[in-house]
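Please look at the structure before reading the points below.

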Protein chains: 2
Amino acid sequence: MLVVQKYGGTSVRDVQRIQNVARRAIEYKKRGMDVIVVVSAMSGETDRLLNLAHDIAKFPDLREVDVLISTGEQVTSALLAITLLEMGHKAISLLADQIRIVSDSNYGFARIASVEEQAIRAKLTEGNIIIVPGFQGVDEGGNITTLGRGGSDTTAVALAAGLKADVCEIYTDVDGVYTTDPNICEKARRLDKISYDEMLEMASLGAKVLQIRSVELAQKYNVPILVKSSLVEGEGTLVCKEETVMMEKVVISGITYNKNEAKITVNRVPDQPGIASKIFTALSDANIVVDMIVQNVSHDGFNDITFTVLKADAKKAFKITDELGTSMGAKVAIDEDMAKVSIVGLGMRSHSGVASKMFTVLSAEGINIELISTSEIKISCVIESKYGELAVRALHNNFGLDAEDVAEET
Amino acid sequence: MLVVQKYGGTSVRDVQRIQNVARRAIEYKKRGMDVIVVVSAMSGETDRLLNLAHDIAKFPDLREVDVLISTGEQVTSALLAITLLEMGHKAISLLADQIRIVSDSNYGFARIASVEEQAIRAKLTEGNIIIVPGFQGVDEGGNITTLGRGGSDTTAVALAAGLKADVCEIYTDVDGVYTTDPNICEKARRLDKISYDEMLEMASLGAKVLQIRSVELAQKYNVPILVKSSLVEGEGTLVCKEETVMMEKVVISGITYNKNEAKITVNRVPDQPGIASKIFTALSDANIVVDMIVQNVSHDGFNDITFTVLKADAKKAFKITDELGTSMGAKVAIDEDMAKVSIVGLGMRSHSGVASKMFTVLSAEGINIELISTSEIKISCVIESKYGELAVRALHNNFGLDAEDVAEET
């Protein structure tokens with residue numbers, strides 16, 4: 001049996017925590033498992049290195065930034081290997097170019113293309129615990145690359161996929177994936193299982209537990225991911241394929257919430273091809289990420305287009321849209337105090353009435369819905385931000401997610 | 001024309017100094033030279049990393065320590081490349097495994113076996129300034145190695161040798177090699193030139209400007225080394241082959257001084273084979289470095305053996321020697337307050353009377369010589385440590401090394 005364990009920056013932030021990581025790896029090894037440990041940089045280290053680069057240049061060269069920041073994970077890897085060896089266990093650190101974890105050459109955001117098995121297998125066979133620095137790869141030309149923030153998750157899943165590991169354990173500072181943010185809803189509950197698709201919708205909507213790409217990769221290669229706390233014992237949350245989750249027959253798995261949204265409406269846009277393209281190209285050129293886009297059927301040859309952006313981008317987005325819209329004879333309006341509440345669940349595919357129930361719950365609380373957008377397993381509503389937390393609690397309760405309600409189901 | 005420049009830790013300790021290094025490299029490039037820059041870790045960084053390892057283990061695994069501490073030079077390399085690129089110059093960092101600087105697998109003290117030209121040549125042809133982290137290599141198995149303290153000097157010389165550079169410039173915090181320690185003798189003078197052999201004798205005797213191995217390597221491949229200050233402009237000191245130095249007809253190049261010596265004398269050792277071997281094997285097994293060893297012709301079947309060790313090792317060395325010596329019927333004595341003064345110079349090969357002049361100078365100052373040891377280009381005297389500095393000044397003056405005396409000669 002082969003397990004890949006990944007530890008984030010807070011889990012390796014000092015010698016004591018690194019020793020905890022070592023003890024757990026040894027414990028697994030003693031239970032007869034082969035163990036590969038993927039580590040992040042000690043917390044704060046990547047930022048420290050980036051600050052050095054930014055002291056020199058506003059836009060430092062991307063290849064060299066990767067040479068720079070990849071050292072953070074290398075340091076942790078060596079320290080963990082030293083710790084394991086000091087504890088009397090065989091261990092060896094292997095860097096991306098030693099394993100070969102081959103990526104493309106997109107510095108700072110590289111994607112893993114392949115993972116070679118040979119070097120790791122040889123060292124596992126010798127009885128070693130293998131330590132791998134997360135977040136880094138090597139391109140075909142031998143240049144160091146990094147995989148973007150949270151990239152260590154992707155390293156772990158890629159190794160688990162490449163070596164056909166039985167499970168990929170992601171240790172972090174929370175003890176699993178929750179039905180919603182416990183800071184907003186005290187009845188939020190840890191999920192035992194969640195499907196890849198649900199996790200992708202949860203992650204992209206703000207439940208930042210796993211890097212999205214790592215979940216996509218896990219889904220593609222069917223690698224079960226177990227999200228656990230490195231600080232307290234617990235079962236964690238298993239992110240796995242749909243069939244495994246569906247046996248539990250829960251309609252909604254979780255509720256996500258983002259209160260930093262701004263809504264921009266373009267009223268009475270002429271219904272001609274290319275208008276939407278013009279607006280969203282201009283926003284994209286300005287590096288503004290547009291979240292929801294809603295356009296209704298046209299009336300009298302005119303459309304209303306509404307979209308949301310992050311509050312931080314709101315003023316800039318409004319300026320661009322207003323100039324373009326006005327030149328086309330449209331009226332552009334902005335509302336900066338919006339929140340987006342979404343329910344996510346595989347069950348809504350087969351259960352009818354989920355959407356109407358959501359609208360009814362919000363209505364019963366006197367909350368007006370400004371925008372609605374749906375995907376196969378997600379329904380999102382944009383509401384006034386002052387109602388955001390109330391909406392989360394009401395939905396959590398009414399969809400049977402509160403801790404007491406589900407105790408017997410799991 | 002190709003130049004290799006090496007900068008030590010204090011020369012790259014912050015962004016400002018790294019920018020100075022970049023400016024000099026660009027200046028050379030603009031004069032039409034190809035430039036390779038070898039950098040050390042920012043000052044304090046190697047110790048910071050080693051302390052992390054020593055927080056975990058008293059004797060941390062050597063392979064993993066090299067993985068750990070090699071990151072220091074990697075960080076500086078990336079920062080310098082970022083700086084050069086920000087200044088509008090083509091530049092690229094190349095790590096030991098990317099170039100390939102192949103070493104043996106003697107972690108922590110690896111020796112360079114070969115340097116491949118191809119990768120560097122290709123990048124030089126594209127107009128790049130090449131940045132190479134000093135101190136590190138890669139063994140045949142692809143493992144990271146380090147070359148020991150001061151190893152960046154060796155990296156620079158090895159690159160200069162491998163690529164047949166015209167000169168290897170070592171930038172440090174002193175402006176060259178001096179006739180003696182300026183802290184002891186204010187008339188100490190910077191040498192314009194010194195031969196490899198003299199430099200080796202100077203370095204091993206305490207004038208710590210260059211790693212000894214880098215000088216040996218430079219001599220083997222006839223690479224001229226120019227030692228310069230990174231902080232002030234100046235001519236520096238050229239370390240080069242004997243023929244070039246001899247043209248200047250200076251008898252003595254410098255005077256070195258070590259005040260932390262202890263002298264141990266074993267009186268009336270039976271003159272039998274294997275006795276000296278027994279004593280020095282025991283000391284070596286205890287990791288005690290023995291410096292000078294003097295044994296005179298025997299009288300009446302007995303020998304006197306005298307040797308010196310570092311003051312720090314004196315008590316331990318005495319205990320070992322005393323036990324062994326007593327068991328053989330010898331009498332062992334120790335004197336912990338000794339200093340060693342040496343004169344170094346190619347000229348003494350062809351000039352007679354150098355030794356007698358040294359003894360006369362010391363005698364004139366009322367200084368008793370306890371031990372004498374000579375090599376081809378060096379004469380060392382052990383004296384009471386209280387006379388050490390006086391001896392240096394007297395010899396410096398009498399051998400014509402004082403700043404005024406030689407002004408017209410150079």
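The centres of domain 1 of chain A and domain 2 of chain A, taken over C-alpha atoms, are 38 Å apart. This is a predicted model, in which local features need pLDDT of at least 70 and side-chain atom pairs count only at pLDDT 80 or more, while totals for chains, interfaces and linings use all residues. Residues are numbered from 1 along each chain as its sequence is written, and chains are lettered from A and ligands numbered from 1 in the order in which they are written.

**Domains**
- Chain A is assigned domain 1 (2-173) and domain 2 (255-406); such bounds come from an automatic or database domain assignment.

**Contact between chains**
- Chain A and chain B contribute 27 residues each to the contact, where two residues are in contact if their C-beta atoms, placed from the backbone, lie within 7 Å.
- On the side of chain B that touches chain A, at least two residues come from each of α2 (45-56), α3 (62-86) and α4 (96-99) of chain B; helices are DSSP runs (H or I, at least four residues) and strands likewise (E, at least two), numbered from the N terminus.
- The most is given by α3(B), with 14 residues.
- By class, this side of chain B has 15 nonpolar, seven polar and five charged residues; Ala, Val, Leu, Ile, Met, Phe, Trp, Tyr, Cys and Pro count as nonpolar, Asp, Glu, Lys and Arg as charged, and the others, Gly among them, as polar.

**Helix pair α2(A) and α3(B)**
- The axes of α2 (residues 45-56) of chain A and α3(B) come within 9 Å and cross at roughly 25°; axes are lines fitted to C-alpha atoms, for helices over the stretch in contact, and angles run from 0 to 180 degrees between N-to-C directions.
- The two helices, α2(A) and α3(B), are therefore roughly parallel to each other (angles under 35 degrees).
- Leu49(A), Leu52(A), Ala53(A) and Ile56(A) of α2(A) meet Val75(B), Leu79(B), Ile82(B), Thr83(B) and Glu86(B) of α3(B).
- Seven nonpolar, one polar and one charged residues make up this contact of α2(A) with α3(B).

**Positive phi values**
- Most residues other than glycine have a negative phi.
- Phe135(A) has a positive phi near 80° and sits in the loop between β6 (129-133) and β7 (136-138) of chain A.
- Phe135(A) is buried, with 29 other C-beta atoms within 10 Å; buried takes 20 or more such atoms, exposed 12 or fewer, and partly exposed lies in between, with C-beta atoms placed from the backbone.
- Asn287(A), with phi near 60°, lies in the loop between α10 (275-285) and β14 (290-295) of chain A.
- Asn287(A) counts as exposed, with 8 C-beta neighbours inside 10 Å.

How values were computed
Angles under 35 degrees count as roughly parallel, over 145 as roughly antiparallel, 65 to 115 as roughly perpendicular and the rest as oblique.
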